[in-house]
Amino acid sequence: MGRKGKRMEQLRKIVLTIAFYIFIGIFAFTVAANQWSACGLLLLFLLIFGIQKIRQKKQTQKRVPEKLRMVWLKIQPYFPILLFTVAFFCRFIILNILKIEPYSDYYTLLTAAECLAGGKNIMAESPYFQMWGFQTGFVLYQAVILKLFQTEMMLHLLDCIYTSLICVWVYFMGKDLWKADQKLPSILYAGYLFGIAFTGVLSNQHLYNFLVLLGIWLWLRNDCKEKPCWRVYFVVAILLSLAHIIRTETILILLAFFLYELLKIRKKEEILIFAKKLILLLGAYIVISQGANYLVKVTGLNPSGLENKNMLWKFVCGADYESGGRYSERGGEWIGDKEAEKQFILDSYASLTPIQWLDFFGKKINNFWTQDSYQWFSKTMEETDQQENGFSRLFVSSVKFVDGMGYLFVFFFALIPMEKARKQGGTTRDFFIYLLFIHFFVYLVIEVQPRYAYLARILLFILATDGLQQGKKILQNEE
């Protein structure tokens, strides 16, 4: 390894070390915010440990576990199919029980899609779509589905398919990238109510996450081969471009790929490979996204194309101390006025004392990383409503308690590969850490909502597959 390679390795370890300690801190925040779930998880660990000790003493009870083990071995080859089926069933049943109605932006997008499917385009003259033209891509997708199938239920069914396949991606990522045949994280995600219930919301995040995770899986799996196929990289570039048309967060994925590929460089000849990958990825991304933007304009769907005419709005919300970085009612008074929005951002930060800065960032971290969002189907999921009956409050508390246990379990085991990564040579796990790292800093300055952490939480479940594998090796003294 040359001097340049050593510098890159040092820089890689610095980034990974910073990321590790940041997420140690976030994990501590999460434990503090979910104290009862943390206690429940600890008791569950102790219970499992106690049962295991009892089983070791009672050798005569080995017959039943042995039979169960044989059944498990027989169904292992079909696990991905079984996982998808169970995940889809859970999502479809909950969807029909909750009957979640679209609201706010979701209602606006669905209304525009229904009108477009019926032959009427309301986006061309809508102030909302003129300002935020990037929403046009998702409206067009919904309109096509509604036109073909003539029912809103098809949108929900497709979302159930996308989110169920994401459960399968969680399993395949660990198995293909790190030889970690750990099924528990994918099973936990299949039963994670935050993910199950949010599937019923007609959000662009479902299709976006599906496309992005498929692209990540294909790229990293291809990277693991001795002779990577360049066509796979091109396919990934297309997937990310399509994801960008649906939701404009793809820039975070591109930044993570850039950082991942850059910090892999150890030899001079690898610089050329890095440049080729970057040109291929950005080239296809720019051509497809700009081509779609042009088509939307020339066809008259939206004169704004797929552009965001108010880039500052997310920063306005993210700078509001009173809202904790969530939607800003105060900032809403200046929406569309760029100079007023700039001044609002500057004044908001300038008015904060050092203590308030720490408090503000603590609130934003809490709102993004530690809170689950269920307000789309139950008001009491967000805050206790004294008018709700005792059963409703008990149900809400139980859901949060169980979800919190699963999230803490996964978060804990996701920290293990983060710790390993900074001490070992580069692997594909680095990419997931970089992407989480980028999410952390970006959402410190822009608007935060618990639902925006949808992808970040999936990344933690993926890393947990590697963490469980590493933990198993440690327990078995294999290292």
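**Notebook: salt bridges, core and rings**

I started with Arg 266, which is buried at a relative accessible area of 17%. The model is predicted, and I kept that in mind throughout.

**Entry 1. Charged pairs**

I looked up the partner of Arg 266. Its side chain meets that of Glu 9 in a salt bridge, 2.3 Å from N to O. Arg 266 sits in the loop between α13 (250–262) and α14 (268–298), and Glu 9 sits in helix α1 (residues 3–33), so the pair ties together parts 257 residues apart in sequence.

Next I took Asp 223 and Lys 277. Their side chains form a salt bridge at 2.9 Å, N to O. The pair links distant parts of the chain: Asp 223 is in helix α11 (residues 205–223) and Lys 277 in helix α14, 54 residues apart. Both Asp 223 and Lys 277 are buried.

I also noted Arg 422 with Glu 419, a salt bridge at 4.0 Å, N to O. Arg 422 has 16% relative accessibility and counts as buried. How many salt bridges does the whole structure hold? My search of the whole structure gave 21.

**Entry 2. Nonpolar core**

I moved to the largest nonpolar core, which has 143 residues. Those with the most contacts inside it are Phe 23, Leu 213, Ile 216, Ile 253, Trp 369, Phe 431 and Phe 432. I picked Ile 253 and left aside neighbours within four places in sequence. Ile 253 is in contact with Tyr 208, Val 212, Ile 216, Leu 240, Phe 431, Leu 435 and Leu 455.

Is Gln 142 buried or exposed? Gln 142 is buried, with a relative accessible area of 2%. I placed it in helix α7 (residues 136–149). Beyond four places in sequence, Gln 142 is in contact with Leu 109, Leu 110, Ala 113, Leu 155 and Leu 202.

His 156 came next, in helix α8 (residues 153–178). It is buried too, with a relative accessible area of 7%. Not counting residues up to four places away, His 156 touches Leu 95, Gly 200 and Leu 202.

**Entry 3. Aromatic rings**

I found 45 aromatic pairs in the structure. Phe 88 and Phe 92 are a stacked pair, 6.1 Å centre to centre with 5° between the planes. Both lie in helix α4 (residues 79–98), four residues apart, about one turn of the helix. Phe 88 is partly exposed at 25% relative accessible area. Phe 92 is partly exposed at 29%.

Why is the pair of Phe 368 and Trp 369 edge-to-face? The ring centres are 4.9 Å apart and the planes stand at 70°; the cut-off is over 60 degrees, so the pair is edge-to-face. Phe 368 is buried at 1% relative accessibility, and Trp 369 is buried at 2%.

I also logged one aromatic cluster: Trp 178, Trp 219, Trp 230, Tyr 233, Phe 257, Tyr 260, Phe 431 and Phe 432.

**Entry 4. Surface**

Last, I looked at a nonpolar surface patch of about 350 Å². Leu 44, Leu 47, Ile 48 and Ile 51 make it. I placed Leu 47 in helix α2 (residues 35–57).

Notes: Residues are numbered from 1 along each chain as its sequence is written. This is a predicted model: local features need pLDDT of at least 70, side-chain atom pairs count only at pLDDT 80 or more; totals for chains, interfaces and linings use all residues. Side-chain values use heavy atoms; hydrogens and water are left out. Patches are made of residues with over 30% relative accessible area and no salt bridge: like charges are joined within 9 Å, nonpolar side chains (Val, Leu, Ile, Met, Phe, Trp, Tyr) within 5 Å. Accessible areas come from the Shrake-Rupley method with a 1.4 Å probe; for residues, only the protein chains shown count as cover. Helices (H or I, at least four residues) and strands (E, at least two) are DSSP runs, numbered from the N terminus. A nonpolar core is a set of buried Ala, Val, Leu, Ile, Met, Phe, Trp, Tyr and Cys residues joined through side-chain atoms within 4.5 Å. Buried means under 20% relative accessible area, exposed over 50%, partly exposed in between (1.4 Å probe, protein chains only). Contact means heavy atoms within 4.5 Å. Rings of Phe, Tyr and Trp (its six-membered ring) pair if their centres lie within 6.5 Å; planes under 30 degrees apart count as stacked, over 60 as edge-to-face and the rest as tilted.
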